[in-house]
Each structure stands twice: as structure tokens, then as C-alpha cells.
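The sequence and the structure are shown first, and the description follows.

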Amino acid sequence: MGKKNDAKLTDTQAETIYAAYPRKVARQHALLCIRRALLRIMDGRKLDAENALAWLLARVQTYAKASEGNERKYVPHAGTWMNEGRYDDEDREWSAWRLKATVAPERATSVNAGVQAEIASIRETMASGAW
């Protein structure tokens, strides 16, 4: 199989992976990064194109399920995820990350309340002329 056929095959594969990824932004960049990731997987794991696609698709589907319910801003772009090789991360890391992402807003609210109290105290001091 020549380079031209390989490119056509990975275009189709990239589209399949992109469709399964949970965040749809920067599509052209994502497709390029997916094709590169598939080539790295084929080379590093000594897989043919079909098995590399199956392996990466399974990893993306696992990640998509783990990231359900997260705010979009906590889900990296597909290109970032592919370029950083996050498909090799442990599944439990994705679950732990999800837990942290869902706890963060509660923590932010309590910090916000503390900051608001401090601001109110400073305003009172300034208003009383003791500043």
C-alpha cells in the first residue's frame, strides 16, 4: 500500500475517531493530530491500520464516557489530547480528573464567599474613616 492510499485510509479513520471524541472544536487540526496519533500507535504498538483504529477508538470512547457531565472547558481539544498521547493515560486518571472538575465549583464558591466578606470588611473600614 502506497503513501497516497495510507493517507486516504487514515482520513477515514480520523473522521471516525473525531466523531467519537467528546469535544468538537478545531476540526481540521484535530483530524491532522488524529492521523499522526494513529501512525504513532501503528509504529509503537506494531499494529496495522485496522487494529490501530480499533484500539484508539476504544480509548476515545472510554475517555468520552469518563468526561460525561464535565464542563466543556475541562475537556481538552482533540488535537491536544492526541498530541499529548493522553490515549495512553490510565483510565482511573480520567475518573479522578472528573471528580476534581466537579468539586472545583464548590470550592470556588466557598473561596468567593471569603473574598466577598473581606471586601465588605474593607468597605466598612473605609466608610467609617478609620482607613
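Does aspartate 43 count as buried or exposed? At 53% relative accessibility, aspartate 43 counts as exposed; buried means under 20% relative accessible area, exposed over 50%, and partly exposed in between, with a 1.4 Å probe and protein chains only.

## Basis of the model

This is a predicted model, in which local features need pLDDT of at least 70 and side-chain atom pairs count only at pLDDT 80 or more, while totals for chains, interfaces and linings use all residues. Residues are numbered from 1 along each chain as its sequence is written, and side-chain values use heavy atoms, with hydrogens and water left out.

Helix α2 covers residues 27-45; helices are DSSP runs of H or I with at least four residues, numbered from the N terminus. Its 19 residues should span 27 Å at 1.5 Å a residue, and the end C-alpha atoms are 26 Å apart, which agrees. The expected span is 1.5 Å times one less than the number of residues.

The buried residues of α2 are Ala30, Leu31, Cys33, Ile34, Ala37, Leu38 and Ile41. They cover an arc of only 165° around the axis, which puts them on the same side of α2; the arc is that of the directions from the helix axis to the C-beta atoms. An α-helix has 3.6 residues a turn, so residues three or four places apart point the same way. Gln28 and Asp43 are exposed on the other side of α2.

## Loops on either side of α2

Most residues other than glycine have a negative phi. Alanine 26 has a positive phi, near 50°. Alanine 26 is placed in the loop between α1 and α2 and counts as partly exposed at 43% relative accessibility.

Lysine 46, found in the loop between α2 and α3, also is not a glycine and has a positive phi of about 55°. With a relative accessible area of 68%, lysine 46 is exposed.

## Salt bridges

Side chains of opposite charge can pair when their charged atoms come close. The whole structure contains six salt bridges, each defined as a side-chain nitrogen of Lys or Arg within 4 Å of a carboxyl oxygen of Asp or Glu. One of them joins arginine 27 and glutamate 15, at 2.6 Å from N to O. This pair links distant parts of the chain, with arginine 27 in helix α2 and glutamate 15 in helix α1, 12 residues apart. Arginine 27 is partly exposed at 34% relative accessible area, and glutamate 15 is partly exposed at 33%.

A salt bridge also forms between aspartate 43 and lysine 46, at 3.9 Å from N to O. Arginine 92 and glutamate 90 meet in another salt bridge, at 3.9 Å from N to O. Arginine 92 is exposed at 59% relative accessible area, whereas glutamate 90 counts as partly exposed at 45%.

Glutamine 13 lies in helix α1, residues 3-20, and is buried with a relative accessible area of 4%. A polar atom of its side chain lies 2.9 Å from the backbone oxygen of alanine 49. Leaving aside neighbours within four places in sequence, glutamine 13 is in contact (heavy atoms within 4.5 Å) with Leu38, Ala49, Glu50 and Leu53.

Helix α3 has 18 residues and reaches 26 Å from its first C-alpha to its last, close to the 26 Å expected. Its buried residues include Ala49, Leu53, Leu57 and Tyr63. Leucine 57 touches Thr16, Ile17 and Ala20, not counting residues up to four places away in sequence. The C-alpha atoms of leucine 57 and tyrosine 87 are separated by 9.6 Å, although these residues are 30 places apart along the chain.

## Aromatic residues

The structure holds five aromatic pairs. Rings of Phe, Tyr and Trp (its six-membered ring) pair if their centres lie within 6.5 Å; planes under 30 degrees apart count as stacked, over 60 as edge-to-face and the rest as tilted. Tyrosine 63 and tryptophan 81 form a tilted pair, 5.0 Å centre to centre with 40° between the planes. The pair links distant parts of the chain, tyrosine 63 in helix α3 and tryptophan 81 in helix α4, 18 residues apart.

Tyrosine 63 is buried at 3% relative accessible area, and tryptophan 81 counts as buried at 0%. Tryptophan 81 and tyrosine 87 form an edge-to-face pair, 6.2 Å centre to centre with 65° between the planes. One aromatic cluster is formed by Tyr21, Trp55, Tyr63, Trp81 and Tyr87.

Methods. Helix = DSSP H or I, 4+ residues; strand = E, 2+ residues; numbered from the N terminus. Polar contact = N/O pair within 3.5 Å; in protein donor to acceptor, adjacent residues only side chain to side chain.
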